[in-house]
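Dear colleague,

I am passing on the structure below, together with some notes on what came out of its analysis. Please read the notes alongside the model.

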Amino acid sequence: MQSQPANATQAKDRNYMQLGHSLARMSRAIAQTADLCELMKVNLDAMRVLSASHAAQFMTVAMELNPDEAEDEQRA
């Protein structure tokens, strides 16, 4: 009968060890997610700046290519 408590203790220890490994993996995954979120923030900011630049270029080219329409709009 002594083998059952020893087996139960071993099973409990094994479960705690597995839990510890799972928590360590989860901690690494959360750290990686935080790093990726920071990288995404930087990329989104760069995209915002780039899209503003492209919009300004588009508006400039549109004004140059369609000067009559721009003058009509200014008169109205």
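What share of the 76 residues in the chain do buried residues make up? Buried residues make up 1% of them, where buried means under 20% relative accessible area, exposed over 50%, and partly exposed in between, with a 1.4 Å probe and protein chains only. This is a predicted model, in which local features need pLDDT of at least 70 and side-chain atom pairs count only at pLDDT 80 or more, while totals for chains, interfaces and linings use all residues. Residues are numbered from 1 along each chain as its sequence is written, and side-chain values use heavy atoms, with hydrogens and water left out.

The chain has two helices and zero strands, both taken as DSSP runs numbered from the N terminus (helices H or I, at least four residues; strands E, at least two). Its accessible surface, by the Shrake-Rupley method with a 1.4 Å probe, comes to about 7100 Å², of which 61% belongs to carbon and sulfur atoms.

On that surface, Tyr16, Leu19, Leu23, Met26 and Ile30 make a nonpolar patch of about 530 Å²; patches are made of residues with over 30% relative accessible area and no salt bridge, nonpolar side chains being joined within 5 Å and like charges within 9 Å. Met26 lies in helix 1 (residues 3-65) and is partly exposed, at a relative accessible area of 46%.

The count of salt bridges (a side-chain nitrogen of Lys or Arg within 4 Å of a carboxyl oxygen of Asp or Glu) comes to one. Arg48 and Asp45 meet in a salt bridge through their side chains, at 2.6 Å from N to O; because they are three residues apart in helix 1, about one helical turn separates them. Arg48 is exposed, with a relative accessible area of 53%, whereas Asp45 is partly exposed, at 38%.

Best regards
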